[in-house]
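This report describes one protein chain, first as a whole and then residue by residue. Please keep the sequence and the model at hand while reading.

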Amino acid sequence: MIGLGACYRLFTFQFKFIATSPQEAAEVEKIIKRFRTSAYPESIGGDLGISLGYEYPDLFDISVINNGKVVGNRIKLCHLESINTNYNPSSMGFHADGKPVEIDLSLNFVEEKTLDRADIEAGY
């Protein structure tokens with residue numbers, strides 16, 4: 001019997017934001033907060049502040065597109081497994097309001113479902 005441990009594919013996307021103004025830095029903060037919010041589950045029930053369970057976090061529909069065409073293998077719906085931020089990785093520059101000038105963002109996704117041979121034939 002062959003082990004099935006490697007059937008879930010993982011995808012990492014890395015972005016570098018260089019904010020040229022405090023307004024751009026604020027937009028980057030919004031982007032990061034949106035991803036962070038989507039990475040965590042919602043608590044279910046509990047009137048006393050005690051969670052009875054959790055709903056799965058948001059799913060992402062990811063496509064790699066170049067000149068309007070999907071390139072590479074297709075990607076099934078994914079959960080955002082982890083998000084990492086690094087503020088001012090190459091310098092300690094800040095805008096007048098204290099927001100960082102440079103932010104590196106790394107997003108790690110995992111497919112929701114295991115692939116099988118039929119998926120590979122379908123382009124996944």
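From the N terminus on, the order of elements in the protein is β-α-β-β-β-β-β-β-β-α. That makes two helices and eight strands; helices (H or I, at least four residues) and strands (E, at least two) are DSSP runs, numbered from the N terminus. The model is predicted, and local features need pLDDT of at least 70, side-chain atom pairs count only at pLDDT 80 or more, while totals for chains, interfaces and linings use all residues. Residues are numbered from 1 along each chain as its sequence is written, and side-chain values use heavy atoms, with hydrogens and water left out.

**Overall dimensions and surface**

The protein has a radius of gyration of 19 Å, whereas a compact globule of 124 residues would have one near 14 Å. This radius is taken over C-alpha atoms, and the globule rule is 2.2 Å times the number of residues to the power 0.38. Along the principal axes, the C-alpha trace spans about 60 × 50 × 30 Å.

Of the 124 residues, 28% count as buried (under 20% relative accessible area; exposed is over 50%, partly exposed in between; 1.4 Å probe, protein chains only). The protein exposes about 9,100 Å², and carbon and sulfur atoms supply 54% of that area; the areas come from the Shrake-Rupley method with a 1.4 Å probe. Among contacts (heavy atoms within 4.5 Å) with a separation of 6 or more, 62% are between residues 24 or more positions apart.

**The nonpolar core**

A nonpolar core is a set of buried Ala, Val, Leu, Ile, Met, Phe, Trp, Tyr and Cys residues joined through side-chain atoms within 4.5 Å. The largest one holds 14 residues, of which I32, I62, C78, L80, L107 and F109 touch the most other members. Two or more residues of this core come from each of α1 (22-39), β7 and β8. Strand β8 gives the largest share, four residues.

Leaving out residues up to four places away in sequence, I32 touches I83, T85, Y87, I103 and L105.

**Loop residues**

N67 lies in the loop between β5 (65-66) and β6 (69-70), and N88 in the loop between β7 and β8.

H95 lies in the loop between β7 (78-87) and β8 (102-111). Which residues is H95 in contact with, leaving aside its neighbours within four places in sequence? They are A19, T20, S21, P22, A25, P100 and V101.

| Residue | Relative accessible area | Class |
|---|---|---|
| N88 | 5% | buried |
| H95 | 14% | buried |
| T85 | 34% | partly exposed |
| N67 | 73% | exposed |

N67 is therefore classed as exposed because its relative accessible area is 73%, whereas N88 counts as buried because its value is 5%.
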